[in-house]
Amino acid sequence: MIGFMGAGKSSVGQALGELLGWPFEDLDARIELREGRKVPEIFRDSGEAAFRWAEQAALRELLGEFGDGTRRILALGGGAFAQRQNARLIAGSGVPSVFLDADVMELWQRCVEQAEQDGIERPLLGSLENFRKLYAARRPHYLKASFRQPTGGKTVKQIAAEVAQALGLKRSRTKRRKEKRREKRRGEKR
Ligand code: S3P
């Protein structure tokens, strides 16, 4: 899942993971785990360049884990795919990338709301003017994703279902088998 800040990468990624029975991974969470610090702390104490190094290292680690045959959903931070090296790593891994596309004002409003209501701190949020500039600079990178999913006016569940359908993703067989067994047991009890 790729896209700008506030695009819903983590929430759609989680919903898609639930829909398919696949584990969900968040790149920022992996960075925090590896670094033992929160993303805003890394920005504050070490700067953006250090954050980008940590981001790339965590991405390599996660993509390496895709090799074990387990299917996963991975949500990237808003700047990750705009780094050429990261986009190359993803393309080279053969993992499809999904750009969650939303209007810039909608993204801004969501980020401001999340900051005010949930205390979500985004080091690169800045002013609306800078937000727009960053969005304009990154959009051409996002458009290189393997698939673009428009998100305007849709619920998280709807978006996840549309992505699954567009990419032909099916619920994992082991999950389906477990569900069938559970249904059978329920039927026997009745
Ligand atoms: C960033 C977005 C953040 C996080 C970091 C940098 C960016 O993730 O990775 O603060 O460069 O746009 P979200 O897109 O989840 O906010």
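Colleague: A molecule sits in a pocket if more than half of its atoms lie within 2 Å of the pocket's grid points; where does the ligand sit?

Modeller: The ligand sits in the largest pocket. A pocket is an open set of points on a 1 Å grid over the protein atoms alone, where a 1.4 Å probe fits, with protein on both sides within 12 Å along at least five of seven lines. This is a predicted model, in which local features need pLDDT of at least 70 and side-chain atom pairs count only at pLDDT 80 or more, while totals for chains, interfaces and linings use all residues. Residues are numbered from 1 along each chain as its sequence is written, and side-chain values use heavy atoms, without hydrogens and water.

Colleague: How many residues surround the ligand?

Modeller: There are 14 (a heavy atom within 4 Å), and the closest are K9, R52, G78, R122 and R138.

Colleague: Which polar side-chain atoms lie by its oxygen atoms?

Modeller: K9 has one at 2.8 Å from a ligand oxygen, and R122 has one at 2.6 Å from a ligand oxygen.

Colleague: Changing topic, what is the secondary structure of the chain?

Modeller: The protein chain has nine helices and four strands (DSSP runs: H or I of at least four residues, E of at least two). From the N terminus, their order is α-β-α-α-α-β-α-β-α-α-β-α-α.

Colleague: And what box do the C-alpha atoms fill?

Modeller: Along the principal axes, the box is roughly 60 × 35 × 30 Å.

Notes:
Polar contact = N/O pair within 3.5 Å; in protein donor to acceptor, adjacent residues only side chain to side chain. 1 Å grid on protein atoms, 1.4 Å probe; cavity = no way out; pocket = protein on both sides within 12 Å on 5 of 7 lines; lining within 4 Å. Sits in = over half its atoms within 2 Å of the grid points.
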